[in-house]
Amino acid sequence: MLRKLIDESAAKSPWIYHINAGSCNGCDIELVSVLTPRYDAERCGFKLTGSPRHADIVVVSGPITVQTRDRVVRTLSQVPEPKVVVALGSCPRSGNVFKGSYSIDGPLDKYCHVDVSVAGCTPKPEAIIAGLAKAAEILKEKRKEMH
Amino acid sequence: MEVKNPVPFLKDALKQLFEKPVTESFPAGDPPKAAPEYRGRIVYHPDLCINCGTCLRVCAPQAMTRTMEPVEGGDRVTFTFDMTSCTFCRLCSDFCSRKAIELTDDYMIVGTKHEDFLVSGTFIKMKPVKKPAPDAAAAKPAPAKPAAEGTPAASPAPEKK
Amino acid sequence: MNIVLIILKWLFHILVFPGFLFTLCAALLLAGIDRKLVARMQNRVGPPLLQPAYDLLKLFGKEIIIPRQANKKAFLSAPAVGLASLLVTSLLLPFSASFVAVSGVADVIVVLYLLTIPAVAIIVGAASSASPFAGVGLSREMVAVMAYELPLTIVLVTVCRKAGLMMDESGMTFSLATVMQYQAEHGAMITKLSMIPAALAMLFIIPCEVGAHPFDIAEAETEICEGTLAEYSGLPLAFYELAHYVKMFILTSLFCVLFLGGFTTGVVVVDLILRLIFCVVVTFLCITVPHAVCARFKVEQVFKFYWTWVLGLALVSLLLVWLGL
């Protein structure tokens with residue numbers, strides 16, 4: 001029974017860690033605006049943490065530049081299981097207007113399995129909340145698979 | 001450093017404790033409608049498209065792909081718009097002379113697989129039908145005229161250029 | 001037969017009331033109310049009241065990652081030691097003038113050093129983390145501990161002297177039960193004019209010890225990557241969060257014992273409910289309102305603030321009480 005409670009709680013209190021992998025900051029501003037009083041995401045339990053070891057959902061924004069590539073991989077490996085990776089905006093999936101540049105090293109798919117993608121340039125905060133809610137559901141599935 | 005009021009928001013905070021919060025009801029309710037002229041998910045009308053290719057040239061992140069396969073009488077043209085590459089600048093919609101591309105106000109572009117983000121449409125562009133050559137009887141009066149109008153027809157021609 | 005009953009009674013006190021289960025539920029309730037009130041003050045809806053419980057349950061289900069260069073034994077045992085000392089403190093606090101689980105002649109000294117152990121546990125846990133962020137966090141935690149320990153000691157000594165003047169022949173008492181008895185006979189401590197500066201000083205000490213917002217320099221989230229808790233994940237992190245909430249309950253309970261105690265209605269359950277209501281009010285005053293309104297202090301500002309203003313208030317009270325007022 002304790003196990004069932006733990007599984008239910010995994011979707012009710014997902015903690016977010018945000019990695020900026022070379023983003024233009026547009027998506028970052030929309031992400032932190034999700035925690036403001038107008039779009040309050042904390043009523044669903046979302047909380048922005050300062051350390052990747054506390055996080056459940058990792059939100060990556062920005063095309064993965066050559067300079068941030070190793071650091072993104074290293075940070076993602078520090079997040080404990082079960083974890084969900086969310087690609088915020090259109091940059092992590094395809095590079096958007098920066099495609100083919102000398103300093104961009106590929107979509108995020110090359111380095112880790114991306115679970116949810118919120119497209120838009122920039123996505124509206126309501127779309128980000130919908131994406132995070134879907135990520136919380138996937139988190140619950142992953143937690144159930146862990147035992 | 002002069003500090004005017006060390007606790008600036010105290011009165012507001014205590015007053016707001018008893019007021020209704022300003023939070024939107026989503027995700028408990030419906031998502032709110034976007035502002036007018038919002039540039040959201042693309043809707044493609046293949047029946048209006050003429051396959052001119054201007055949108056492909058204008059798109060900055062090159063979010064569109066076009067494939068053509070020959071069928072009987074023409075080509076089957078398929079346009080695919082990739083929402084994960086689109087910047088939503090609306091240049092393709094502005095340049096399209098037939099208004100075949102429309103950016104709606106659907107902003108919920110959330111998905112787990114790559115296929116969720118592709119908008120595509122197919123149409124068949126028929127080859128133009130060749131017109132028959134004009135026959136010799138209809139062309140008879142024409143050779144008589146140029147001899148009389150040869151000189152006056154020649155002089156306006158350089159001015160037109 | 002007698003021995004069995006005594007052992008059962010002690011197990012009940014340690015595990016259910018006022019030990020493990022009761023402290024746990026009260027702490028989660030206080031933490032939930034605190035988060036909800038902060039959200040309402042900031043004009044938003046806020047998490048449900050049970051949110052801290054969901055946080056803890058989720059942390060039980062996460063993987064525990066131990067850094068390669070960390071000291072494994074200290075890393076894993078520090079949070080448990082901190083939590084255990086707080087639960088022992090809860091056995092020592094009287095809940096009304098008629099009920100206390102453990103009572104001794106020198107309660108106040110034991111409570112004082114039991115309350116230092118969670119801070120030392122945080123420092124030891126951070127030192128064994130092998131991370132530069134944890135190192136910065138632990139030096140800040142040491143500054144915070146130095147800042148609030150002195151005024152706390154002086155406030156406790158002041159209260160004990162005031163109670164001891166009337167209740168004990170030697171003029172000084174160190175027993176919390178005697179403090180409650182004094183308040184039962186002569187009225188709550190906060191109604192005495194000379195104790196009001198000490199009560200104010202205690203209200204300032206509580207957020208620094210708990211780690212609540214304007215003074216939470218140790219666990220500064222955004223500044224130093226969560227500070228002392230930077231490398232923790234899973235079950236040890238759950239223990240640290242639980243210690244944070246339990247510290248909130250223990251300190252507000254201590255404030256109620258020292259300054260607002262003395263009355264009893266005879267029924268233990270009603271006393272408990274009244275005590276919880278007072279704890280919620282004290283939490284609102286000294287943890288929630290500053291959390292919603294103030295920004296975080298700098299490290300040297302915290303130290304200066306505690307050693308000038310708060311120490312001054314406590315010393316004023318001490319002087320007045322020693323002169324017999």
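Hi everyone. Let me start with a definition: two residues are in contact if their C-beta atoms, placed from the backbone, lie within 7 Å. With that in hand, the contact between chains B and C takes 9 residues from chain B and 8 residues from chain C. On the chain B side, the residues that touch chain C divide into 7 nonpolar, 2 polar and no charged. Please keep in mind that this is a predicted model.

Let me stay with chain B for a moment. Chain B has 6 helices and 6 strands, and from the N terminus on they run α-β-α-β-β-α-β-β-β-α-α-α. How many of the 161 residues of chain B count as buried? The figure is 16%. As for its contacts with a separation of 6 or more, 74% of them come from residues 24 or more positions apart.

Now to the sheet. Six strands form an open sheet with mixed pairing, in the order β2(A)-β1(A)-β3(A)-β4(A)-β5(A)-β5(B). Its edge strands are β2 (47–48) of chain A and β5 (110–111) of chain B, each of which pairs on one side only. Helix α5 of chain A, residues 125–145, packs on this sheet, where it touches β3 (57–61), β4 (84–88) and β5 (116–118) of chain A, together with β5 of chain B. The direction of helix α5 makes about 160 degrees with that of β4(A). At the other end, strand β1 of chain A, residues 15–20, runs parallel to β2(A) and is joined to it by 2 bridges. In β2(A), A:L48 is the bridge partner of A:I16.

Next, the cores. The largest nonpolar core has 144 residues, and those with the most contacts inside it are A:I57, A:V60 and A:V86. Which helix gives the most to this core? That is helix α9 of chain C, residues 235–259, with 18 residues. There is also a second, separate core of 9 residues, which includes B:A13, C:L37, C:V38 and C:V45. Back to A:V86: leaving aside neighbours within four places in sequence, its contacts include A:I57, A:V116, A:L132 and A:A135.

C:I287 lies in helix α10, residues 268–293, and it counts as buried because it has 25 C-beta neighbours inside 10 Å, where 20 or more are needed. Not counting residues up to four places away in sequence, C:I287 touches C:D34, C:I206, C:P207, C:V210, C:A212 and C:M248. C:S77, in helix α4 (residues 72–92), has 17 such neighbours and so counts as partly exposed.

Finally, some backbone geometry for you to check on screen. A cis peptide bond joins A:E81 and A:P82, with omega about -5 degrees; A:P82 lies in the loop between α3 (66–76) and β4 of chain A. The bond from A:C121 to A:T122 is also cis, with omega near 0 degrees, and A:T122 lies in the loop between β5 and α5 of chain A.

A:N96 has phi near 50 degrees, and B:K99 has about 55 degrees. Are these residues buried or exposed? A:N96 is buried, because 24 other C-beta atoms lie within 10 Å, whereas B:K99, with 10, is exposed.

Terms used
Residues numbered from 1 in each chain as written. Chains lettered and ligands numbered in written order. Predicted model: local features only at pLDDT ≥ 70, side-chain atom pairs only at ≥ 80, totals over all residues. Helix = DSSP H or I, 4+ residues; strand = E, 2+ residues; numbered from the N terminus. Buried ≥ 20, exposed ≤ 12 C-beta atoms within 10 Å, placed from the backbone. Pairing = 2+ DSSP bridges. Axes fitted to C-alpha atoms, helices over the stretch in contact; angles between N-to-C directions. Core = buried A, V, L, I, M, F, W, Y, C linked by C-beta atoms within 7 Å. Nonpolar A, V, L, I, M, F, W, Y, C, P; charged D, E, K, R; others polar.
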